[in-house]
Amino acid sequence: MKVVTTFREAREEARGRVVLVPTMGYFHEGHLRLMEKGRELGDTLMVSLFVNPLQFDDPADLARYPRDPDRDAGLAAEVGVDVLFVPPLEEMYPTEPFTRVVVSGLTETMEGVHRPGHFDGVATVVTKLLAGLRPHLAVFGRKDAQQLAVVKRLVVDLSIPVEIVGHPVVREPDGLALSSRNVFLGPDHRPTALELSRALMAAADLVEHGERRAAPIVAAARGAAPHLQFEYVELVDQDGLTRIERLDRPAFLAAAARVGPVRLIDALFFDLSPEGEPVPDRGVFLEAPSVLYREAG
Ligand code: AMP
């Protein structure tokens, strides 16, 4: 594995079909599974590691964002990453960018309401990564469901020749979606944090029992999480992110809640079977707790 710090060096390593997995580091199996998926889909696997200040709406969140580039490099090498691109701030933003990528429409609900400016930062850095590294394909997680829709839309709108692939949510054995910020969850927070994935699973259960109306599906999610103060629970269509009344097209149920010092988000996708029936994607459950905790001792 080559560790590089400039766009040029990263491009010089490209052979054949190039796959990119963009990340902010502090790797867990959510990242590692995306990389393994990327490994299967191309010849050169690039992973970018950059904590993008532009997408943080809260300076305190940016300041304490967990970082451990050496550990990350070890984990990336183990899963067969070819190029780990770790640009310093000067490489990514040599000057304050006058150009920002703003995806309207898709960013005014859910995360967009609670994290002003967040998606402008995401869209701008993703566009820079795609332009600077020129991958044929890029893999993003379904956990950040709205982000995935925003990225899919921006590559269409800007005619960027890249295929965007979504990967199922990777979960702890108890269901909690992996997140680098989970290291800040104390044992006292864990039971409440678990209610988030339980809420989504309860909704999936109801759908599997035949429910198609949005209101009872959302109510089932809320009902399964009595101690959680949700910021939102929304059932929306996968591409347009408009709220739907019936589960009759590809959709996802997304939710966010603050638990102690951490803001958690999670999503459960409903894809359609060939017969047009919704099929819940509950994600991938790990068999043992994440490396996130193992390494921390
Ligand atoms: P981050 O480093 O948190 O910005 O995440 C980098 C990529 O990994 C994004 O595409 C995320 O959606 C994805 N990701 C993070 N956590 C998970 C997870 N638990 N399951 C699936 N994808 C994830």
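Over the ring of which residue does the charged end of Arg64 sit? The ring belongs to Phe184, and the charged end of Arg64 is 5.0 Å from its centre. A charge sits over a ring if NZ of Lys or CZ of Arg is within 6 Å of the ring centre and within 35 degrees of the ring normal. Arg71 lies over the face of Tyr26, at 4.9 Å from the ring centre.

This is a predicted model: local features need pLDDT of at least 70, side-chain atom pairs count only at pLDDT 80 or more, and totals for chains, interfaces and linings use all residues. Residues are numbered from 1 along each chain as its sequence is written, and side-chain values use heavy atoms, with hydrogens and water left out.

**Aromatic pairs**

The structure holds four aromatic pairs. Rings of Phe, Tyr and Trp (its six-membered ring) pair if their centres lie within 6.5 Å; planes under 30 degrees apart count as stacked, over 60 as edge-to-face and the rest as tilted. Two of the pairs are set out here.

| Pair | Centre to centre | Angle between planes | Kind |
|---|---|---|---|
| Phe7 and Phe85 | 4.9 Å | 50 degrees | tilted |
| Phe56 and Tyr65 | 5.6 Å | 80 degrees | edge-to-face |

Phe7 is in helix H1 (residues 7-12) and Phe85 in strand S4 (residues 83-85), 78 residues apart, and their pair links distant parts of the chain. Helices (H or I, at least four residues) and strands (E, at least two) are DSSP runs, numbered from the N terminus. Phe7 and Phe85 are both buried. Buried means under 20% relative accessible area (1.4 Å probe, protein chains only). Phe56 has 10% relative accessibility, so it counts as buried. Tyr65 has 8%, so it is buried too.

**An open sheet**

Four strands form an open sheet in the order S8-S9-S10-S11, with antiparallel pairing. Strand S8 (230-237) and strand S11 (278-281) are the edge strands, and each pairs on one side only. Two strands pair if DSSP finds at least two bridges between them. Strand S9 (residues 251-259) and strand S10 (residues 262-272) are joined by nine bridges in the antiparallel sense. Ala251 has Phe270 in S10 as its bridge partner.

**The whole chain**

The chain has 11 helices and 12 strands. Its C-alpha atoms fill a box of roughly 50 × 45 × 35 Å, taken along the principal axes. Of its 297 residues, 55% count as buried.

How values were computed:
Buried < 20%, exposed > 50% of the residue type's maximum accessible area, 1.4 Å probe, protein only.
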